[in-house]
Amino acid sequence: MENLLTIAKKAALKAGKAIMEVYATPFEVYTKDDDSPVTQADLRASHIIKETLAPTGLPFVSEEDLPPDRSTFERYWLVDPLDGTAEFVKRNGEFTVNIALIDNKRPVLGVIYAPVTETLWYNDNDKVYKDTGHGTSVCLLPRVPQSHVSCPFTVLVSRSHRTQEVDDYINKVLRPSHPDLVIDTQGSSLKFARLAEGSADVYVCYSKTKEWDTAAAEAILCASGGKVLRISNGKPLEYSKMEYPNPPFVAWAKGR
């Protein structure tokens, strides 16, 4: 059998192709019970990923395909088939496919695929790779802390879900040490990808995210030397909880 990473990458690419097919049409947008948007692209991608991952024999948990109970799952797939549906609907290209492998309640393998740019990020143990669609993956070298380069301290915030709490955290916690910081907006898990490759320093999130929004991204960021910590107590995010919502968190690039 192909190894788990190879299968996860294949699933992400196949889902991305299906997403782009819907993206090219005048698709309809529906509203789920939690008032979040969903499209046919979300549903098609989830089905494709589930089918592609099925040969691994591992349980499948997706935003669009939730099991009644996952308490017995020690190792399973956690998937967001279309992260950034709001950006997909706005047609700004900032959406991704997220596939994570959860092992003992921690994301250990992550794949992020941006269909519009055909860019793939993934981790293989403690190394992170970026594939720009030409068949060659480049290992992202350990980033240099911004204090050693002539770049501004860059804070990422959600393009569609920025809150007053985010601005308060930036002004009270980050700005005193970095008065010339730059705030940049980005959709979906692309924010984590930027932290992993060193083009930003921190991502502040108070919006309503779920485990599937962060699992693949956290696996990749942590492999690059970064961290994702709860704002309330500075501890890592928890996975395989009774409920799926994440608390507010801050994601840090390596060296910050």
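Predicted model: local features only at pLDDT ≥ 70, side-chain atom pairs only at ≥ 80, totals over all residues.
As general background, nonpolar side chains tend to be buried together in soluble globular proteins.

Leaving aside residues up to four places away in sequence, Leu 78 touches Val 61, Asn 98, Ile 99, Ala 100, Ile 102, Glu 211, Trp 212, Ala 215 and Tyr 239.

Next, let us turn to the two helices. How do H5 and H6 lie relative to each other? Their axes come within 9 Å and cross at roughly 0°. An angle under 35 degrees counts as roughly parallel, and H5 and H6 are therefore roughly parallel to each other. Where they meet, Phe 192, Leu 195 and Ala 196 come from H5, while Thr 214, Ala 217, Ile 220 and Leu 221 come from H6. Sorted by class, this contact has six nonpolar residues, one polar residue and no charged residues.

Two single residues are worth a visit, and the table sets them side by side.

| Residue | Element | Relative accessible area |
|---|---|---|
| Glu 211 | helix H6 | 0% |
| Ala 114 | strand E6 | 3% |

Glu 211 lies in H6, which spans residues 211–223. Is Glu 211 buried or exposed? Its relative accessible area is 0%, so Glu 211 is buried. A polar atom of the Glu 211 side chain lies 3.1 Å from the backbone nitrogen of Ser 240. Not counting residues up to four places away in sequence, Glu 211 touches a group of residues including Arg 70, Tyr 76, Leu 78, Tyr 239, Lys 241 and Asn 246.

Ala 114, found in strand E6, is buried too, with a relative accessible area of 3%. Ala 114 and Val 97 are 17 residues apart in sequence, and their C-alpha atoms are 6.6 Å apart in space. Beyond residues up to four places away in sequence, Ala 114 touches Phe 95, Thr 96, Thr 119, Trp 121 and Leu 190.

Notes: Residues numbered from 1 in each chain as written. Heavy atoms only, no water. Helix = DSSP H or I, 4+ residues; strand = E, 2+ residues; numbered from the N terminus. Buried < 20%, exposed > 50% of the residue type's maximum accessible area, 1.4 Å probe, protein only. Polar contact = N/O pair within 3.5 Å; in protein donor to acceptor, adjacent residues only side chain to side chain. Contact = heavy atoms within 4.5 Å. Axes fitted to C-alpha atoms, helices over the stretch in contact; angles between N-to-C directions. Parallel < 35°, antiparallel > 145°, perpendicular 65-115°, else oblique. Nonpolar A, V, L, I, M, F, W, Y, C, P; charged D, E, K, R; others polar.
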